[in-house]
Amino acid sequence: MIYFDNAATTAIYPQVLKTYTDVATRIMGNPSSLHDLGTVATRMLQASRKQIADLLGKATSEIYFTSGGTEGDNWIIKGLAFEKKVYGNHIIVSDVEHPAVKESAAWLMSQGFEVDFAPVDSNGFVSLDALASLIRRETILISVMAVNNEIGAIEPLHQIAALLADKPTISFHVDAVQAIGKIPLADMLPQRVDFATFSAHKFHGPRGVGFIYMKKGKNLHPLLSGGGQESKKRSTTENIAGIAATAKALRLYVAETESKQVKLAAMKEVLLTALEAYSDIVIFSQRDGFIPNVVTFGMKGVRGEVLVHGFEAHEIYISTTSACSSKAGLASSTLTAMHVSPRLATSAVRISLDPDNNMAEIEQFLTIFKQLHAKFQKIQ
Amino acid sequence: MTNLNYSEILIRYGELSTKGKNRMKFITRLANNIREVLVEWPMVSVKSDRDRTHIFLNGAAYGPLSEKLVKVFGVQNFSPAIKVEKTMPALEAAVAELVKKVYLEGMTFKISAKRSDHEFELDSTELNRELGHTVMETIPYAKVQMKRPDIDLRVEIRPDAAYLSYETVKGAGGLPVGTAGKGMLMLSGGIDSPVAGYLALKRGVEIEAVHFASPPYTGPGSLKKAKDLASKLTVFGGDIQFIEVPFTEIQEEIKEKVPMPYLMTVTRRFMMRVVDEIRARRHGQVIINGESLGQVASQTLGSMVAINAVTTTPIIRPVVTLDKLEIIELAEKIDTFNISIQPFEDCCTIFAPPQPKTNPKLENAEKFEQRLAIDELVQRAVDGIMISQVSADAQVDTLEMDIQDLL
């Protein structure tokens, strides 16, 4: 089996799974309990939070646990809107955001907020001029992802931060779910960023756990009210095992990817060079300004889904551009936003690599691709 | 402090020099206390003689170790020293290097040489002259001053090697813990009792901490707090025995049979009896507590009379005349304050009556106590004590290591 769908989810590391089961079995207390077992659970929670904060270079008080990327995005977009609605009712999200962001924004429209979708250029980068022209006095939030999930474009966060430098009243949210471990911390979380979203299963942690970064002094209206956990900002009994496993996964992954960026880049280069030799292949993931883990391309006239199943028969797992929209049979929303024709957009497939993949797998993939390509060309 | 490669630390005694025949007992005890406090550096060795104690670092870093050493009672001051080969060229080179590192413009210096190896080519006067010359050559504008120089560069020629030192660090003073005998510290979770313990340690009293626990009215948090406090006290003189007294039965009995205004007085009298019995069994000589005059109802002179009447054992109250703010200042200095203010109820507060007698009458207390089986209750409590040793390295807590393992 070759697994090339790491942008959708990654396999949990064995050591991380061990932490999960060890903590789940050994640390049984509820952190809110007064007795010893509660204290132990609290210590575990605090140590996990500290480890994550340290790895991100942030304060422990700036890290809040969630159930994953979708909750993080929902919380920040909606929670911020309600927190700051007295100051304004306008928010801007980029046109290539994950549905968790776009749908949260769309829901806010139904609640009387005004939303603008900032356009991207033909490569998928948010257009700075267009973004600047959308900003108004009522704007309270701008949300732009750090790395696009469908094609791997690295969005110009530093430039957006510069654009917002003299606009302190606008909060800046970054969906960093696809960026963690792939681009340097400084590029993912420039100082100007107020909020960021993370999800554990994208870095070999457990599913159903994530966290957000909330800059000191900022606030979010809670979406979950109740027992007052997470400094009264997100009530619900803490998922201690999941949180500890997340802290461990992040530590291992950050160390792992840093040392393997060169390997990832080399694998991407081999893929690109090979694919470029086919005249009917269109590549959406460029070399410059894109992460090395993702290669998205389309074969003219062949629906992406067909290629996915073609590879699947050989136990090679890739995806149409995003796992979240692929079942719906929709064209890639990122490619659509890039004004790629609907026909070409439905042909797109995404290969997303992990430091654990290797060159032999790339070669095997390319061999199978050659066969599939010949077969599908004949059928056309 | 500069980054010099220290190989040993020379410890000087203060008050110990007045101890005459008992002096070696004090010195041996001090060496043992130092060993206990430095337990996390197994490579370190400690050797005492009549005038000095030497700590051989054997590769241990001086900085963190000196932070522990500075708290040990019985150390007047100490100097880290650099070991140098016993030849004039080596000594001259080392002296030159040292002054380059530590000399600042305008400072005065002197050389104090001592020669215990009389085979060495130069005597101490010659050494003073030669090495003084080396300093002047290295720093031509250096000024010599015999009385109170800024840098007193001490050179010792010993049988094994030569030693250079210039820095004198003030120690904690006091007497080595254990040289004054043993006392029982009544350790609650409050602010005052750890400070009382610290002050008793300072005068050389070895303490055993007696803590009254009333589960389930007091929780594990309250017990852990008391142990953490005891652990903070170990840095001044080494390990402490921690004695947990099961006090629930006595408190319940008192609550049931004694009128409200006398609950507190009778409870304290029972504590005193229990701690005194423990003292007797464990060969302690005194009781130490954190009573401070006028702070609460049990600490009025009238209350003290009534409570004290159950024993003839001396009771030391080191903070009795201090103001609360003075006690807090000390608690902060010895790093117990932040533990003490953690909100766990202790056995003193759980059955506290709303209006305790501030001036209880001894005969009333005695009268009410006749309803209780005093001796049996005390014996049962003393028979049920649990003893554990709190060590200087108890701060390395195992849960933390577990958590770090998991993460």
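Start by selecting Asp280(A) and everything around it: leaving out residues up to four places away in sequence, Asp280(A) touches Gly298(A), Met299(A), Lys300(A), His373(A) and Gln377(A), a contact being heavy atoms within 4.5 Å. This is a predicted model, in which local features need pLDDT of at least 70 and side-chain atom pairs count only at pLDDT 80 or more, while totals for chains, interfaces and linings use all residues. Residues are numbered from 1 along each chain as its sequence is written, chains are lettered from A in the order in which they are written, and side-chain values use heavy atoms, with hydrogens and water left out.

Stay with Asp280(A) and colour by secondary structure. Asp280(A) sits in the loop between helix H8 (240-276) and strand E9 (281-283) of chain A; helices (H or I, at least four residues) and strands (E, at least two) are DSSP runs, numbered from the N terminus. Which side chain makes a polar contact with the side chain of Asp280(A)? Show His373(A): the two side chains are in polar contact at 2.8 Å (a pair of N or O atoms within 3.5 Å; within protein, one must be able to donate a hydrogen and the other to accept it, and residues adjacent in sequence count only if both atoms are side-chain atoms).

Asp280(A) is buried but has no salt bridge, and Lys300(A), the nearest side chain of opposite charge, is 7.9 Å away. Here buried means under 20% relative accessible area, exposed over 50%, and partly exposed in between (1.4 Å probe, protein chains only). A salt bridge is a side-chain nitrogen of Lys or Arg within 4 Å of a carboxyl oxygen of Asp or Glu; for charge, Lys and Arg count as positive and Asp and Glu as negative, with His and the chain ends not counted.

Now zoom out to chain A. You will find 13 helices and 13 strands, and 57% of the 380 residues count as buried.

Next, select Arg234(A) and Glu71(A), whose side chains meet in a salt bridge (2.4 Å, N to O). Arg234(A) lies in the loop between strand E8 (210-214) and H8 of chain A, and Glu71(A) in helix H3 (residues 69-83) of chain A, so this pair ties together parts that are 163 residues apart in sequence. Arg234(A) counts as buried at 12% relative accessibility, and Glu71(A) also counts as buried, at 15%.

Move to chain B and pick Arg380(B) with Glu249(B), a salt bridge at 2.8 Å, N to O. Arg380(B) is in helix H14 (residues 374-383) of chain B and Glu249(B) in helix H7 (residues 248-257) of chain B, so the pair ties together parts 131 residues apart in sequence. Arg380(B) counts as partly exposed at 45% relative accessibility, and Glu249(B) as partly exposed at 35%.

Last stop: the interface. Select the 16 residues from chain A and ten residues from chain B that take part in the contact. The area buried between the chains is about 1,100 Å², with carbon and sulfur atoms giving 60%; buried area is the accessible area (1.4 Å probe) that two parts lose on being put together, summed over both. Highlight Arg26(A), Arg43(A) and Met44(A), which supply 44% of the area that chain A buries against chain B, more than any other three residues.

How many salt bridges are there between chain A and chain B? The count is zero, while three residue pairs are in polar contact (both at pLDDT 80 or more).
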